[in-house]
Amino acid sequence: MAERYCAENISYHVGQRTLVNDVSLTLSKGELVALIGPNGAGKSTLLRLLTGYLKPASGRCILAGIPLDAWRAENLSRHRAVMRQNSQLGFDWPVEAVVSMGRAPWGRNPEAAVVQEVMDLTGCQPLAGRRFAALSGGEQQRVQLARALAQLWSEGSPRGWLFLDEPTSALDLYHQQHLLRLLKSLTRRGQLHVCIVLHDLNLAALWADRIMLLHNGRMVSHGTPDAVLQTDALAHWYGAQVHVGRHPVHAAPQVFLTP
Ligand SMILES: Nc1ncnc2c1ncn2[C@@H]1O[C@H](COP(=O)(O)OP(=O)(O)O)[C@@H](O)[C@H]1O
Ligand SMILES: [Mg+2]
């Protein structure tokens, strides 16, 4: 299986604007890496480039030593899955059908056992039988996570590279914690490797192994949560008045806004 997921000097432009500017990064197996940065920094664009939905103007992405555009689409779909920001479905399907869509790269008949297992893992069982379009934003995010995990399911667990774009934006406290604990425990087992765009820096501080900070399309800082989440740096890059302290119980930094 793929050892690393790399971007080498990737850039992307629309018209005169450079949305992603010469970004290089390496994601390693078993890691949970958070991508942070202000609104419009280019996080979603970078995620689309990394996952092959956009083609970089220069530079390249490489999975397991093979350039992304040399992968067969179906094979790539078995090794990397994406949970997008605010993904809307054009049709009104039952929850189980949406989760089953994740199995498309694996053949015609989605295995009911896999669908049930990912629904269990992601807390989607109470949503069984409901119409996706009628769910709340947070409920839809849980179903989208289940779909993405179903896509990577192989030999009894999710395996490969999972990219998520602000998957907690509509989740309540319980489900934020549930999602991050789940991703953390899956990455700890070493079969799943996660790159997650997070708006909430304190979630990144508690769960990420590494954080990458994007600003105006450039990667301006990366490292451990302690290295990246520094008062002066966050004030500079976000333009906000903040104070970085410590979690009262755990050894993680926590970011506080100054009133
Ligand atoms: N297709 C596009 N055409 C023009 N500008 C775009 C396009 N997509 C994104 N942008 C702009 O590029 C910047 C980065 O967008 P995005 O990657 O969505 O940022 P983020 O996810 O960090 O908030 C934003 O200013 C956005 O308005
Ligand atoms: Mg975004």
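Modeller: Gly160 stands opposite Leu192 in β10. This is a predicted model: local features need pLDDT of at least 70, side-chain atom pairs count only at pLDDT 80 or more, and totals for chains, interfaces and linings use all residues. Residues are numbered from 1 along each chain as written, chains are lettered from A and ligands numbered from 1 in written order, and side-chain values use heavy atoms, without hydrogens or water.

Colleague: In which sense do β9 and β10 pair, and over how many bridges?

Modeller: Two strands pair if DSSP finds at least two bridges between them. Strands (E, at least two residues) and helices (H or I, at least four) are DSSP runs, numbered from the N terminus. β9 and β10 (residues 192–197) pair in the parallel sense over six bridges. β6 and β9 are also parallel, over four bridges. There, Met83 has Leu164 of β9 as its bridge partner.

Colleague: Is β9 buried or exposed?

Modeller: Buried means under 20% relative accessible area, exposed over 50%, partly exposed in between (1.4 Å probe, protein chains only). Six of the six residues of β9 (160–165) are buried, so the strand is largely enclosed by the rest of the structure.

Colleague: Which protein atoms are donors of the magnesium ion?

Modeller: Donors are N, O and S atoms within 2.8 Å of the metal (3.2 Å for Na, K and Ca); water is not among the atoms, so sites may look incomplete. Here they are Ser44 (OG) and Gln85 (OE1), 2.1 to 2.5 Å from ligand 2. Ser44 lies in helix α1, Gln85 in the loop between β6 and α3, 41 residues apart. Ser44 is buried at 16%; Gln85 is partly exposed at 31%.
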